Every structure is written in C-alpha cells, then in structure tokens.
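Student: I have a two-chain model open and would like to talk it through with you. Could we go over it piece by piece?

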Amino acid sequence: MNVALVIIFAFLALAVYLGIRARRGKDMDLEEWAVGGRSFGTIFIFVLLAGEIYTTFTFLGGSGWAYGEGGPAFYILSYGCLAYIMSYWLLPAVWRYAKENRLHSQADFFASKYESSALGVLVSLVAVIAMVPYLALQFQGLGLIVSEASYGAISSTVAAIIGTVAVTVYVIISGIHGSAWTAVAKDIMVLVVVVFLGIYLPFALYGGIGEMFREIQAQKPGFLVLPDEGYSPAWFVSTVLLTALGFYMWPHTFGSVFTAENARVIRRNATFLPLYQLILLFVFFVGFAAVLQVPGLGGEKVDLALLRLSKEEFSASVVGLIGATGLLTALVPGSMLLMVSSTVLAKNVYKVFVPSTSEQRVSILAKILVPIVAAVSLWFSLQSGQGIVLLLLLGYSLVTQLFPALLFSLMPNNFVTKWGAAAGIVAGVLTVTYVTVKETTIGQLFPFLPEEIADTNIGIVALVVNFAVLLIVSLATGGLAVRREQSA
Amino acid sequence: MRLVYLLAALPFVGILVGTPFVNQAEPFVLGLPFILFWIVMWVILSSVIMAIIYAVDPANKEGDEG
C-alpha cells in the first residue's frame, strides 16, 4: 500500500470514528437519526446546506467536464444562482404551509396539498429513483479516487465496491450526526484544496490564469465556448433552466426547508448563497489546466483529469490529501443521499401501505434499506458507463418532473387535480426513461427538427410533456369545475 | 407586486437569454474567456440584487413568522 492510499484510508477511518463519537451516549430514534433531532444550531444547518453543493460532482465531474468539453461545463456555475433567486419566494411559501399543517417531508407536502396519500407515495418513488444516478456518481467518484491513488493496484470496479461498502457502513453507524462533523472537515478541506489547485496549477504550468486560457484558445480554438451543435447554446439554456427548476425538488434540498427556524433565514440565504458558487471557478481552472497537460482522456475517463494532473505534479502524499478531500466530497453527500432515500422509502412509502407500523419498525426498516439502495446504485454506476456529469443530469431530468405540480399547488385557486398532478409526473418520468433507455436524443427521434430544438435537454422536453398532460388530465377530471365552484 | 422585485428577473434574462449572444472567448476579461466572465458577473449580480430585495422587503422587518 502506498502513501496516498494510507492517507485516504486514514481519513476514512477518522470519518467513521467521528461518526461513532457523535452518536455515543444517544439512543437514536428515526427522528434523531434523520434530522439530527432538529437540535443543530444555525451554523451547522448552514454548513450542511452549503456543503451539499460541493459533492464529488463538482470536484471530479466539474473539473472533468471543463477538461473534456470546455465551454459547456460553465452551465454548472450558472444554475445555482437562479435556483437561489427562485428560493426567495418559493421556499418561504412551502415553509409556511408546512408549519401550519405540521408537515415533515416532501411527500407529506404533496399529499397534503393534493389531499392524496397516493400522490405522496408517487412523489417519494420518483425522488428515490432520481437519487439513484445521484448516488451512483458518488460511488463512481469514490472508485476513481481509490483506484487512481492506488497507482493502478486496485481496479476502479473493485474500488467502487470498496467505496460503496464504506459509505453504507458509515451511514448505518452514524446517521446524520456523523455527516455534520465530517461536513465541517470536508468544507474546509475542499475549500483549501480546490483554491490551491485552481491557482497553483495554472500559474505553475502556464504562468497565470489568463495566460492559460489564451494558450488553450490558441491551441484549441472554440474549446472555451459552446459548440454549434451538441452541447450548443440551446442545450446550455435548457439545461440551466432544468437544473435551476429541479434544484429544490430533491427530498434533501426540499427537506432543508423543514429544518429552518423561520422564513427570514431562508430569504437571507438567498442573498449570499449565490456567491458560494464562485468556488466552482477554481474547479474549472484545474480542469482547463489539465487540457494541454494530460491529453487523451475521453468518454467517462474525463472525470480522472484532476487526479491525473495531480499525480503528474505532486508527490504521493499530496495526492493522498487531494484524494482524501475527494473521498469526503463523496462520503458526506453520499451518506446524506443514502440516508434520505432509505428513510423516504420506509416512512413515505412502506408506512403509507402499512399504517399500523410502529416508529421503531420504520426506523429498523430504513436501516435495512440502506445497503439495498446502495447496492442498486452501485449496480447502476457499473452498468451505465456514463461520466459523472451525465449521471447527475439524468437525475435532474427525473426529479424536475415534480416542479409543475409543486408550483401549481402554491397558487391560489389551483385547478390541478391529484389525477392531473400524478399523470403529469408519470408522463414526464416515462419520457425521460424512454429516451434514456433507448439511448436516443430528440434530434434522432425527430430528425426534421432544427438544431436549436434538437439539442434541447430531454428533461425540458419531458417537462413540456408533463405540463401538457397535467393540464389535460386536470381539466378532464373536473379541475376547472372545482375552480368555478370556488370562485362562484 | 413591488417594482423592485422585477430586479430578480434580470439574472434570468442575463444567463438564459444573454449567454447565447456572448458565446465567445474574446475579449478576455480579468483573464477569463468572455462567456465565463459574463456568467461570473451574473452570479455576483444575483447576490447583489437579492441583497437589495432582502433589504427593502417589508416581510423581513416583521417578527419571526414573516
């Protein structure tokens, strides 16, 4: 075992130790296990909220896309700020309703608004399915880190399995208390490492950031902008829109509203969270620095750009520290996602069908589901053969289908019925699934369409289908009649 | 609807409508390709605009219920 691997596993051991320590002396029920007993202070909530943004998706996927695609990677910087702006009005409305009706989860919210526990189950299932690719990319990232740090001794498949087992054990042992402590360590480390790499590499290799971009522009003209087809401006605009609308549709981001003290805190977050996004710039710098230095990585291998360049430039112990940071960026969000999806399945799906289930049994079931969800995600990761960014975009295409039903539910005189909401969500998800499974694109399905429409992100096309079905089914199931009655 | 809320629409216009029109690497601004500089500018402006809205929004002057 080399120095790099020793350091990475030392950090893993430390994270697990912190998890056990945080739990000691507490007999945790599901409530505590899942939302930390609502006892975290404002700073911890903030760290968790901000920490969620910086996952292995940004660390490896962001730099990988800057390396592999160039200009299209800028979408990653663009959607967060738009999501935060919307959150200023969207989240306080959700918060107020949730507080008045004593709701605890995303599923509760939909079930209550549309007076249908079945809709709550549907929303939960869609959210969990959307989280599978999100989880898969964390495991994939862990696999890349461990495999690269082993300097070839461990294959990426074996490494991904090791990573999955580590996250699963971590979640079962520690719950969210572990993630909170490790999240603090992770946020500090990722900040130091990314800013250091993002400045050091361009200066050491090119003599500066501006010099680096000029050099790339000279050697690969057109690389720094959006191409005419494929990841074109139409793709960029539709993808930014999709991801901005979907940003708060994940059960964990939606759920962050329920833990907020008051609506003012949520609105205040919207003022400074956009600035957090700027750290992504340094991630891009690393990816661009790799373009001319470690050429030749294609397909899903682009996610290796940051690690490969680090291995060329630094000693094994520094690579170990960088790898350990990467480990934490996968471990913290990965454990969070794993815990949320298991809890949702136990509480918002199983318990709805078997209402007599005791809290204790739901809690046990959630823990049993952890390794199962992890195994499914690992399988998905090994099967898909897709890079980190495309995995997350698949998750977003699915989860954003919840947006229309949510938006209408917040409007006075909502004409959308539970049937309309459900049919829209199902139609949207089926559209995404069909196109993904068939491995096709809008352009291939309808070759006569102009390039601008052909490049549109499938998630946005599905959203249009979703909206149309929602409208038609709502009208057919008496939505308009209900509204007339109310206004009469 | 207060007029100042309309400011919040600007980043949407800037990023979703504007970006295709500034899809170029040159001129480099602060060392960044122009399209990247454009996006960074709007991320910062988003924060500024939301700070203004937060400051004038009467809801934030009330108690915790807001």
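Student: What percentage of the 488 residues of chain A count as buried?
Tutor: Happy to start there, and keep in mind that this is a predicted model. A residue goes into the buried class if 20 or more other C-beta atoms lie within 10 Å of its own. Over the 488 residues of chain A, the share that counts as buried is 56%.

Student: How many helices and how many strands does chain A have?
Tutor: Looking at the secondary structure, chain A has 0 strands. As for the helices, their number in chain A is 23.

Student: Which stretch of chain A has a pLDDT under 50?
Tutor: For chain A the average pLDDT is 83, and 90% of the residues score at least 70. One stretch stays under 50, although the model has 18 contacts for it beyond four places in sequence. That stretch is residues 25–34 of chain A.

Student: What ipTM does the model score?
Tutor: Chain B averages a pLDDT of 87, with 91% of its residues at 70 or above. For the model, the pTM is 0.87. The ipTM is 0.92.

Student: Which helix supplies the largest share of the side of chain B that touches chain A?
Tutor: In this interface, 29 residues of chain B are in contact with 36 residues of chain A. Helix H1 (10–18) and helix H2 (34–56) of chain B each supply at least two residues of that side. The largest share is 12 residues, and the helix they come from is H2(B).

Student: How many residues on the side of chain B that touches chain A are charged?
Tutor: Sorting that side of chain B by class gives 20 nonpolar residues. A further 8 are polar. The number of charged residues is 1.

Student: Which helix gives the largest share of the side of domain 1 of chain A that touches domain 2 of chain A?
Tutor: Chain A is divided into domain 1 (3–385) and domain 2 (411–488), and 15 residues of domain 1 are in contact with 12 residues of domain 2. On the domain 1 side, helix H7 (117–149) and helix H10 (233–246) of chain A give two or more residues each. By class, this side has 8 nonpolar, 5 polar and 2 charged residues. The largest share, 6 residues, comes from H10(A).

Student: How many of the 14 residues of H10(A) are buried?
Tutor: H10(A) spans 20 Å from its first C-alpha to its last, close to the 20 Å expected at 1.5 Å a residue. The helix is mostly covered. Its count of buried residues is 14 of 14.

Student: Where in H7(A) does the kink of about 25° lie?
Tutor: H7(A) has 33 residues and reaches 48 Å end to end between C-alpha atoms, close to the 48 Å expected at 1.5 Å a residue. Of its 33 residues, 28 are buried. The kink comes shortly before the proline Pro133(A), and its position is Val132(A).

Student: Is Glu115(A) buried or exposed?
Tutor: Glu115(A) lies in the loop between helix H6 (106–113) and H7 of chain A. Its phi is near 50°, a positive value in a residue other than glycine. Most residues other than glycine have a negative phi. Because Glu115(A) has 9 C-beta neighbours inside 10 Å, it counts as exposed.

Student: Why does Leu201(A) count as buried?
Tutor: Leu201(A) sits in helix H8 (residues 156–206) of chain A. Beyond four places in sequence, it is in contact with Phe285(A), Val286(A), Ala289(A), Leu309(A) and Glu313(A). Glu313(A) is 112 residues away in sequence, yet 8.5 Å away in space, C-alpha to C-alpha. Leu201(A) counts as buried because its number of C-beta neighbours inside 10 Å is 25.

Student: Which peptide bond involving Pro27(B) is cis?
Tutor: Pro27(B) lies in the loop between H1 and H2 of chain B. Leu30(B) is found in that loop too, with a positive phi near 55°. Most peptide bonds are trans. The cis bond, with omega near 0°, runs from Glu26(B) to Pro27(B).

Notes. Residues are numbered from 1 along each chain as its sequence is written. Chains are lettered from A and ligands numbered from 1 in the order in which they are written. This is a predicted model: local features need pLDDT of at least 70, side-chain atom pairs count only at pLDDT 80 or more; totals for chains, interfaces and linings use all residues. Two residues are in contact if their C-beta atoms, placed from the backbone, lie within 7 Å. Helices (H or I, at least four residues) and strands (E, at least two) are DSSP runs, numbered from the N terminus. Ala, Val, Leu, Ile, Met, Phe, Trp, Tyr, Cys and Pro count as nonpolar, Asp, Glu, Lys and Arg as charged, and the others, Gly among them, as polar. Domain bounds come from an automatic or database domain assignment. pLDDT is the predictor's confidence in each residue, from 0 to 100. A residue is buried if 20 or more other C-beta atoms lie within 10 Å of its own, exposed if 12 or fewer, and partly exposed in between; C-beta atoms are placed from the backbone. The expected span of a helix is 1.5 Å times one less than its number of residues. The bend at a residue is the angle between axes fitted to the seven residues ending there and the seven starting there.
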